[in-house]
Structure formats: C-alpha cells, structure tokens
Amino acid sequence: MCGIVAYTGKENAFPILLEGLKRLEYRGYDSAGIAILDKDIAVHKKKGKVSALESYITEETSGTVGIGHTRWATHGEPNDINAHPHLSGDGKIVLVHNGIIENYQTLKTALIELGHQFKSDTDTEVLVHLIEEYAKRSTSFEDAVRLALQKVIGAYAIVVYSIDEPDLLIGAKKSSPLVVGIGDDELFLASDAFPIIKYTNKVIYLEDEQMAIIDANGTYSIKDIDNNIITPEIQELDLTIQVIEKGEFEHFMLKEIFQQPITVLESMRGRINPVEGWLKVGGLTKQMNRISKAKRIIFVSSGTSWHAAMIGEYLFEDLARIPVEVEYSSEFRYRNPILGSEDVVIAISQSGETADTIAALQLAKSKQASTYGIVNVVGSRISRMTDTGSYTHAGPEIGVASTKAFTSQLTVLSLMALHLAIEKGTIPQSYVMQLLSELEALPDKITKVLNDNEKIKYVASEIKDSTNALYLGRGYNFPVALEGALKLKEISYIHAEGYPAAEMKHGPIALIDENMPVVVIATNKSAYSKIVSNIQEIKARKGIVISIVTEGDTKIKKLSDYTIEIPYIADPLSPILSVIPLQLLAYHIAVMRKCNVDQPRNLAKSVTVE
Ligand code: G6P
C-alpha cells in the first residue's frame, strides 16, 4: 500500500509524477503529494485523491527531478500534514515512504532528545529526521541514508533526496516493493511498473535491503545497505500502456469483469489439450512427487484470494484426495502451526506482495515445508520466494475489488487439482475427459453470463437501497457466497454476509424479513433438493430471493423473486461461472449508490503492511 514514483531526466517532472500517481492510486488514496526538486524543494500535498492534489496546485511547477506519493494511512490520520513527502527539520532532505517503521517511537524519542521537532504523526517523518541526523556526520548523503536504514526495524520502500547533493535520488527497499525504470537519459523509481511503462519497459526489481542511487545524468548503481555493489538483473517487461487503461469502460472493475472470457483462457493457455486429452501445469510438474505425496496441503492467503483457497480445498480433496487446510495468512503466521517437510504450503495472491502472506511463507520455509505460489503479478515477491509455482496470467488488475484475478486463480486451482488427480489416479478417465472439455468451453460460457448484464443491472436496481444482504451457497458454491458478499460490502458499503445455506438456520435466519435480499447460488447438481428446501425456508420468512440457477431450471425459478441463469457446468468448475453475476450485481449496485467503484473507501489493492 502507498504508491511511490520518482523521476529524474530532461523532462518537466511534474506531469510525469502526477500521471504516475494516478496509475498507482489503487495502492492507496487517502492523500497525495509531490516534491519538485529544483534549486529548492517545493512540496505540494493534499488530503484526498490525486485529483484533489491536481486541482490544489495552481502555480506553474517546473523542475526535472521530483518525487511523488499516494498514501494509505497507517500512522496518523489522512490529512495534509501527514501526507507525504516529508521534510527534515532543516528542510534540506525530502522523503516518501511505503511501509511501517516499527521502532519509530524509540527513534523519535532519541531524536527529540537531540532537539528534533516533528510536525506530523507519521513514522515516515522520523525516518527523514534520522537521515538528517546521520547526514551531519557522514561524508556523503548515500552513507547517511545507509546508516539510517541500518537502524530501522520494519518495512520500507523509500525515495529520498537532499539539496546538498542535488544530482542524486536514492531509493531503497525492505519488504515493500520498489522498481527502477531505465529510460533513455531518464530514470524512474516506483512501487510498480505502471507509472514507468509509458516511458520504458526496462526495469530492475530491487531486492530487500538494496539501494538504487540514480543521478540526473542517467547513470545508476545498485548497492546493498552494507555498501556492497550489486550487479542487477535488468528485465524487459511485456506490458503495454493499453493494458493498464480503462479503454471504453466506465470503470476498471467493469473492464476486468468483461475481460474474463480472455483471462480465463490465458490461465489455461498451453496447459490443457482436451482433444489429445492432456493437461500440464508446469510448476506442479517440477515438484509433482513432493506435492502429490504431501501429507497435507495448506493454503495461505487473504481477502478474495482466501475465498479462492477455500474452493481450492474442495477441489484438491474432492478430485485429488489430498488433505487440505485453508488458513488466513495473518492468523497462520502468528499461531505456531504444526508444519514439517512433508507439508506443502501454497500461497495464493493476486499481487504477490501481501505482507501477511509473505510472512506465512517465510514461516513455512523455516519449518522446511515446500512452498508454491499461485500469483498474478509476474516477478512479484511471492513468485520469487516460493520453491515453485504457477502464474495466473490474468494481466494487471487495477480495480481494488478483485474479479478477473479470482476466476483465474480458480482456473489454475482446477487445473492443478485435475493434474494431481490424473497423477494419482483418483478419478475415472471419463471424468477427466469431461472436466477437460468443460474447461475448454468455459470462456464461451462466461461470455453467455456476461450477455445477461442488463438483466443483472435490473435486479441491482430492485435491491440497491437495501441495508443488508445475505448470500448463501452449498458445497463448491459456499465460498462463492462469501465472495459475493465481500464484493457487495467492499464497493457498495451494504452490510452483507456469506453463509453455507444449511447453516442459515443456526443464526442468519433471524435476520430475514421482507426487506432482506438473499442471494442463493443454486447451481449445484449435488444437494439440489437441499438448496430448494433452503429457499423455501427463506420464502416462508418473506425474504427476497435472488437465485443463480442452471439454465432451464424451473423449480427454483418458481420459488424466487429474481433468477439469473448460468450455462450448465460440472460442480467443481461452477464457481468460475457462478461468481460472475455476483460481481456484476455488486458493481451495478455500487454505481447506482454513487460509490467510487474502483477506489472504495479505506481499502487498497496491495496490502504491504500487517
Ligand atoms: C486486499 C485487496 C483484495 C485482495 C487482498 C489479498 O485486501 O483489496 O482484493 O483479495 O488484499 O491480496 P492478494 O494480492 O494477496 O491477493
């Protein structure tokens, strides 16, 4: 969380930074700020989104070096003072930061004793004062930054500048990401490649405790914080600017929902051939022996990725007969789990950056468990730290509410479960062939669901003023109920809960009255009659039933107030289709309630702090 962008080159830095911040806004949007470094340091910062900063700066801002920041508040409320960049006490050093300085209180007390005065409540301001303190006794600014960072406990990605060495910008990272962009006569530092890709596709991903020292002449060096020179690997990114723009769509979320026929296809590309009857998941092949014979598979993840993991549990146990546990990364990392070398820990993460999931993997590694990453962002930390893994290939997801990344995670999990099932011989060949051809048919079936967009919009208009909603599902579709409820609450701020349909009678049924919309995912072939009974129980209490059913279903249709049909699909693959109407329902409700769909309040896409 928090986005950083910095530029040095021949161009006017201000528009480059402003545009860069807009591209990074998915990482946080509590406040934004820019410092332009000319003969002086000109700092502009404002509470709110980057657009608020843009309208606030009316004067001409020139200068070819600058740093920018968009914030997701951790220490100190979102306001103008706590916004980044932060200045040192003498006003000569300016810094932007993503992460948390855990020992900032101790450092702050020591600095106050040395006479430092602080304006903000942030941990970041402490760091810039610490660098100022070291600058007094160091021979170079680079040394001062290095010495200060050696005192820091916690996570950081920073870019810092001193007026005493005006040619230099210094970036450094630990746990939070930082990328160096190498252009022609210009250099960039940023939290990810989105602000850079318009100018260059050549990047260096810094490793932990590395510093990038870049100068206005277009030269750079990479060192570690012990001052050893590092020879970096320059990567050429396969990313275009169109991929990270909204195009004809009103919101990124809508674009990403409508991309799903393609993204699901991309997740399968080169991995299945239903005609020849083969399936191969590269990362799995590399560790097949270890994973297929695992005593236990443990999924670790957060948010929407945790819902994918829940479906992963159903898939792996049902098809491949391997015992699975699903853990929230944030719980797993602190609860002293029993783990050993026969366990396999699979991390699922869109961003590949989530701090809790990284920590869960570190714990798994320390206990000799094998690690596997199912990750969307290529080159991200989780993809680099796991023994092996599979990319989901959904392309950049910018809407904060995850949609296409989720269906791609489910696609990869289905392929993995099927691959393991084939290896272990746990399901008949005829069922393998059926699932393979159903996988192949998925993109067309997703398109069919998307064609019902107008109908789903109508249902949204009917329930948009609700204050609560309940989502129910059974079996493979219970986690889909959780995901549907999450989508609604995160973007429309309607309180929503997901429940296993049969558990409704142990509590949520008390909430049902004529004002309560109940979304029931009722596409299951198994337990069909049970879900019919659950719907009857809701209707008996006058709840408003919105059912997601398989095409041609008449029984549930008669019982429901609104019905959305999806094409026939085998139960294990059904979540990939059944979640799509729920994504659209949440989207339209949020738009009708005038919510900021792509940037819901208080949320951020990459949660790089605990
Ligand atoms: C944040 C995002 C969610 C995401 C979760 C886990 O909360 O807003 O959309 O599901 O983090 O992120 P990851 O990148 O690890 O999947």
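**Exercise 1. How many residues lie between β2 and β3 in the hairpin that they form?**

Before we start, a word on the model. It is predicted, so local features need pLDDT of at least 70 and side-chain atom pairs count only at pLDDT 80 or more, while totals for chains, interfaces and linings use all residues. Residues are numbered from 1 along each chain as its sequence is written, and side-chain values use heavy atoms, with hydrogens and water left out.

*Solution.* 
- Step 1: Find the strands, β2 at residues 31–37 and β3 at residues 41–47. Strands (E, at least two residues) and helices (H or I, at least four) are DSSP runs, numbered from the N terminus.
- Step 2: Check the pairing. Two strands pair if DSSP finds at least two bridges between them; here seven bridges join β2 to β3, and the strands run antiparallel.
- Step 3: Read the hairpin, which has three residues between β2 and β3.

**Exercise 2. Describe the surroundings of the ligand.**

*Solution.* 
- Step 1: Count the shell. The ligand is surrounded by 13 residues, where near means having a heavy atom within 4 Å. Ser305, Ser349, Gln350, Ser351 and Thr354 are the closest.
- Step 2: Sort by class: nine polar, three nonpolar and one charged. Here Ala, Val, Leu, Ile, Met, Phe, Trp, Tyr, Cys and Pro count as nonpolar, Asp, Glu, Lys and Arg as charged, and the others, Gly among them, as polar.
- Step 3: Find the main contributor. Helix α10 (residues 303–320) gives the most to this shell, with three residues.

**Exercise 3. Which side-chain N or O atom lies 2.5 Å from an oxygen atom of the ligand, and which backbone atoms also come within reach?**

*Solution.* 
- Step 1: Start with the side chain: the atom belongs to threonine 354.
- Step 2: Turn to the backbone. A polar backbone atom of threonine 304 is 3.0 Å from a ligand oxygen, and a backbone N or O atom of glutamine 350 lies 2.7 Å from one.

**Exercise 4. Locate two backbone features in loops.**

*Solution.* 
- Step 1: The peptide bond from histidine 84 to proline 85 is cis, with omega near 0°. Proline 85 sits in the loop between β4 (65–71) and β5 (86–87).
- Step 2: Serine 175 is not a glycine, yet it has a positive phi of about 70°. Its loop runs between β8 (168–174) and β9 (179–182).

Terms used
A polar contact is a pair of N or O atoms within 3.5 Å; within protein, one must be able to donate a hydrogen and the other to accept it, and residues adjacent in sequence count only if both atoms are side-chain atoms.
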